[in-house]
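Biologist: Hello! Could you walk me through this one?

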Amino acid sequence: MQDQTKLIHSGYVPGNKDPRQVPIIQSTTYTFDSSDDIAAVFDEPTHALIYSRFANPTVMAVEEKIADLEGGAAAMATTSGQAATALAIMNLCSAGDSFVTSSEIYGGTSNLFATTLKRFGIEAIFVDQNASEEEIAAAFKPNTKALFGEIIANPAMSVLDVEKFARIAHGQGVPLIVDSTFATPILCKPIEHGADIVVHSTSKYMDGHAIQVGGVIVDSGKFDFTNGKFPDFTEPDESYHGVVYTKDYAVAPFVIKARMQLQRDFGAYPAAHSAFMLNQSLESLDVRMRRHCENALKVAEYLESRTDLLNDVRYPGLKSSPYYELAQKYLDGASGVVTVDLKGGREAGTTFMDALQLVTRQVHVADSRSCVLHPASTTHRQVPDEQLPAVGITPGLVRLSIGLENVDDIIADIEQALAKVEG
Ligand code: PLP
């Protein structure tokens with residue numbers, strides 16, 4: 001099946017007289033006829049439902065759909081993108097381990113890596129994703145267990161060279177984890193380019209309507225965890241009946257281990273109703289992504305003509321972008337996010353943001369409605385101007401998320417707001 005068909009049909013095939021829609025099984029628990037039946041599901045936990053902290057039929061339908069779209073072996077949904085990233089790293093690294101990550105990543109992920117995981121003894125080693133393979137490889141230590149990058153970085157809008165990252169990771173015997181939130185499986189399938197694990201914040205385009213926060217981890221099933229670096233995968237898990245993930249669950253050991261250990265112990269699993277809503281949104285993902293990309297390219301082209309007020313327009317779909325070649329190679333469209341740098345700095349940034357009428361002010365991107373954020377006066381308002389470049393932004397940087405409205409209306413709104421900046 002092609003993507004458009006998978007979006008509609010994967011994960012749920014109704015039988016005779018079954019409901020047409022994916023049923024919402026809003027139940028924490030499941031019933032059993034006998035103690036033997038319960039014992040049997042504990043012996044074969046991935047084949048049966050035990051408790052909705054780590055498995056639920058409605059959620060599993062969406063997991064199957066997303067795994068299918070990514071070309072993965074299995075997927076596990078989480079209550080947020082942050083939870084997906086945290087669990088993906090914690091599935092590989094224990095206290096005393098490290099992982100290497102691109103520094104051009106979403107600020108929340110950066111905080112999770114540099115501050116919170118550090119508190120639990122896991123070290124994040126930040127690298128420049130545009131450095132040479134040799135330079136990035138030199139950052140690895142004997143205790144390094146993963147390499148991480150974001151396919152389209154939020155808000156830097158840089159594009160990750162996935163094949164280069166995969167070569168580096170595999171040369172070091174560790175899996176490559178790619179956050180593909182901005183691309184979705186419609187614009188890029190990182191597994192086809194060598195990624196081993198894909199994570200998403202489904203709160204962005206997959207949901208697309210600003211309804212709910214969620215995340216997902218997809219396991220390619222292709223990484224060889226028996227290379228000696230990952231005893232947690234190859235030795236019996238005493239906390240789960242002595243299972244050996246690479247032996248007993250060889251098809252998707254990463255996701256099964258994440259579900260049976262981390263989801264069991266941390267419980268970041270979405271409710272059935274959330275999965276139902278996500279499934280509904282996914283049905284239109286292909287149509288929406290095409291329109292987001294088409295509108296954003298037109299807006300970026302218009303903004304490029306405004307050199308009177310703007311220093312820079314960052315959109316990898318623009319021929320002038322330093323990431324144009326990588327975008328052509330890896331992406332079928334550059335998403336709906338465009339960032340600009342206003343010449344007038346912080347003041348111009350706030351004037352522009354406040355003057356927009358159709359485009360709404362939101363601490364969010366990837367909504368069906370166009371939205372805007374000026375980080376220097378909002379999320380990063382405590383950071384002095386001279387320190388902003390160190391966190392990847394400038395005083396005049398504004399992030400626009402182009403929605404599904406008529407593009408002429410969006411451009412007209414931006415034009416009138418720029419006129420206010422002009423004074
Ligand atoms: N990854 C990227 C690229 C993001 O943009 C975000 C949120 O903005 C996240 C992860 C975190 O996702 P969530 O907000 O669903 O926890």
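Here are some questions and answers about helices, a loop and a sheet.

Modeller: This is a predicted model, where local features need pLDDT of at least 70, side-chain atom pairs count only at pLDDT 80 or more, and totals for chains, interfaces and linings use all residues. Residues are numbered from 1 along each chain as its sequence is written, and side-chain values use heavy atoms, with hydrogens and water left out.

Biologist: Which word describes how H4 packs on H5: parallel, perpendicular or oblique?

Modeller: Helix H4 (residues 81-90) packs with helix H5 (residues 107-119) at an angle of about 45°, their axes being 10 Å apart. Angles under 35 degrees count as roughly parallel, over 145 as roughly antiparallel, 65 to 115 as roughly perpendicular and the rest as oblique. Therefore H4 is, relative to H5, oblique.

Biologist: Is Gly267 buried, partly exposed or exposed?

Modeller: Gly267 lies in the loop between helix H11 (253-266) and helix H12 (272-282). Buried means under 20% relative accessible area and exposed over 50%, with partly exposed in between (1.4 Å probe, protein chains only). Gly267 has 34% relative accessibility, so this residue counts as partly exposed.

Biologist: Nice! Which are the edge strands of the sheet?

Modeller: Five strands form an open sheet with mixed pairing, in the order E8-E9-E12-E11-E10. Two strands pair if DSSP finds at least two bridges between them; E8 and strand E9 (residues 337-342) have four bridges, in the antiparallel sense. Pairing on one side only marks the edge strands, E8 (310-314) and E10 (360-361).

Definitions and conventions
Axes are lines fitted to C-alpha atoms, for helices over the stretch in contact, and angles run from 0 to 180 degrees between N-to-C directions. Helices (H or I, at least four residues) and strands (E, at least two) are DSSP runs, numbered from the N terminus.
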